[in-house]
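Trainee: I have a model open and would like to learn to read it. Where do we begin?

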Amino acid sequence: MDDLKQKYLSRIADAADEAALEDIRLAAVGKKGEVALKMRELGKMSPEERQTAGPALNALKDEINSALAAKKMALADAALDERLRGEWLDVTLPGRSRPAGTIHPISQVTEEVTAIFADMGFSVAEGPQIDTDWYNFDALNIPGHHPARAEMDTFYMHRAEGDNRPPHVLRTHTSPVQIRHMEKHGAPCRIIAPGRVYRADYDQTHTPMFNQVEGLAIDKDISMANLKWVLEEFFAAFFEVDGIKTRFRASHFPFTEPSAEVDIQCSWEDGQLRIGEGDGWLEVLGSGMVHPKVLRAANVDPEVWQGFAFGMGIDRIAMLKYGIPDLRAFFDSDLRWLRHYGFASLDVPTLHGGLSR
Ligand code: PHE
């Protein structure tokens with residue numbers, strides 16, 4: 001019996017895992033295990049022998065069972081230790097950063113523009129993106145037959161038959177905001193009106209929706225010289241080039257007289273565009289002195305008031321400032337190009353073009 005005890009206790013001590021332990025349990029104290037076989041032999045013994053062998057066998061069974069339980073606990077503890085060692089966490093490691101949203105470059109540039117004009121006393125005005133053809137055209141001295149209506153590739157809103165409301169269009173420019181603002185607030189005024197405009201046009205430099213910023217300054221003695229100064233101040237601040245040169249080319253818009261298209265100085269070297277140097281020119285906006293008919297359409301007396309207006313493409317100047325070659329990039333869902341084009345400040349979402357990096 002001592003042999004049995006030695007054999008099983010040492011096997012239990014050596015068991016590597018719970019499965020091995022179970023095998024040992026079955027072999028030793030299971031129904032058909034060695035201890036059970038010995039118990040069966042009790043029947044053949046004399047009562048005296050039985051009296052000592054019986055309790056001894058029971059004690060052996062108990063001893064093996066408690067050795068098994070102890071070993072089982074020890075194995076579980078060891079397994080837990082092992083797991084804890086394998087799954088340790090270094091809580092001092094920096095966290096995994098998730099990609100955060102960023103402000104869209106058009107929004108950022110709109111803000112930059114707004115801030116610069118605000119410094120010159122311009123406040124922001126707004127108008128609807130769906131407007132009547134009166135605000136978009138007629139009030140701006142573009143009558144029904146005028147070729148400008150066709151040139152602007154206008155999107156017209158669908159009208160059901162018998163619907164007699166005036167025709168509505170997706171505004172083709174921000175100029176209707178001039179009319180809406182003067183109608184409501186009269187003169188004098190000094191506003192810019194940034195916003196979306198729509199034309200049926202699509203290629204590398206045109207998208208059906210794009211952004212403009214309108215400028216309007218009306219007072220008793222506003223001249224083209226004021227227009228030139230304001231624009232040059234703006235370009236110097238926006239492109240961060242002191243003394244940037246502008247070129248005013250005589251042009252025609254129905255709503256301004258005289259009218260001028262404005263170019264800014266630039267150079268092209270090794271395919272690199274540089275704003276504010278060299279002897280090249282880039283067109284950036286249309287402008288002029290507000291036509292008396294436009295003032296009258298907005299109930300402002302052209303005998304008393306006069307002023308300038310301009311309309312500038314926001315996407316255009318964003319492309320120029322940040323060197324983005326294809327306007328369609330603004331609509332790309334993959335925004336990695338933002339970083340490629342140096343919108344580093346956009347790594348941190350902010351409403352103020354934050355230089356927090
Ligand atoms: N509305 C004109 C355009 O979209 C730009 C412009 C605005 C020109 C104001 C002159 C004055 O092309």
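Predicted model: local features only at pLDDT ≥ 70, side-chain atom pairs only at ≥ 80, totals over all residues.

Trainee: How many helices and strands does the protein chain have?

Mentor: Helices (H or I, at least four residues) and strands (E, at least two) are DSSP runs, numbered from the N terminus. The protein chain has twelve helices and ten strands.

Trainee: What share of the residues is buried?

Mentor: Buried means under 20% relative accessible area, exposed over 50%, partly exposed in between (1.4 Å probe, protein chains only). In the protein chain, 41% of the 357 residues are buried.

Trainee: And what share of the contacts joins residues 24 or more positions apart?

Mentor: Contact means heavy atoms within 4.5 Å. Of the contacts with a separation of 6 or more, 63% are between residues 24 or more positions apart.

Trainee: Now helices. What span does α4 reach?

Mentor: The expected span of a helix is 1.5 Å times one less than its number of residues. α4 (residues 47-86) has 40 residues and reaches 58 Å from first C-alpha to last, close to the 58 Å expected. Helix α5 (residues 105-119) has 15 residues and reaches 21 Å, close to the 21 Å expected.

Trainee: Which residues of α4 are buried, and what covers them?

Mentor: They are Ala53, Gly54, Leu57, Leu60, Ile64, Ala67, Leu68, Lys71 and Leu75. Their cover includes α1 (2-14), α2 (18-29) and α3. In α5, the buried residues include Ile106, Val109, Val113, Ile116 and Phe117.

Trainee: How are α3 and α4 oriented, parallel or antiparallel?

Mentor: Axes are lines fitted to C-alpha atoms, for helices over the stretch in contact, and angles run from 0 to 180 degrees between N-to-C directions. Angles under 35 degrees count as roughly parallel, over 145 as roughly antiparallel, 65 to 115 as roughly perpendicular and the rest as oblique. Helix α3 (residues 34-41) packs on α4 at about 170°, with the axes 10 Å apart. The two are therefore roughly antiparallel. Val35, Lys38 and Met39 of α3 meet Leu57, Asn58, Leu60, Lys61 and Ile64 of α4.

Trainee: What about α2 and α3?

Mentor: Their angle is about 5°, with axes 3 Å apart. That makes α2 roughly parallel to α3. Ala27, Ala28 and Val29 of α2 touch Glu34, Val35 and Ala36 of α3.

Trainee: Where does Glu34 sit, and what does it touch?

Mentor: Glu34 is in helix α3. Glu34 counts as partly exposed, at 29% relative accessibility. Leaving out residues up to four places away in sequence, Glu34 touches Leu4, Lys7, Tyr8, Ala27 and Ala28.

Trainee: Ser175 next. Buried or exposed?

Mentor: Ser175 counts as buried, at 4% relative accessibility. Ser175 lies in the loop between β3 (168-170) and α8 (176-185). With the sequence neighbours up to four places away left out, Ser175 touches Leu140, Glu214 and Phe255.

Trainee: Which backbone features deserve a look?

Mentor: Most residues other than glycine have a negative phi, and most peptide bonds are trans. Here a cis peptide bond joins Ala187 and Pro188, with omega about -5°. Pro188 is in the loop between α8 and β4 (189-198). Another cis bond joins Glu257 and Pro258, omega about -5°. Pro258 belongs to strand β7 (residues 256-269).

Trainee: And what is phi at Asn141 and Asn299?

Mentor: Asn141 has a positive phi of about 65°. Asn141 is buried, with a relative accessible area of 18%. Phi of Asn299 is positive too, near 65°, but Asn299 is exposed, at 65% relative accessible area.

Notes
Residues numbered from 1 in each chain as written. Heavy atoms only, no water.
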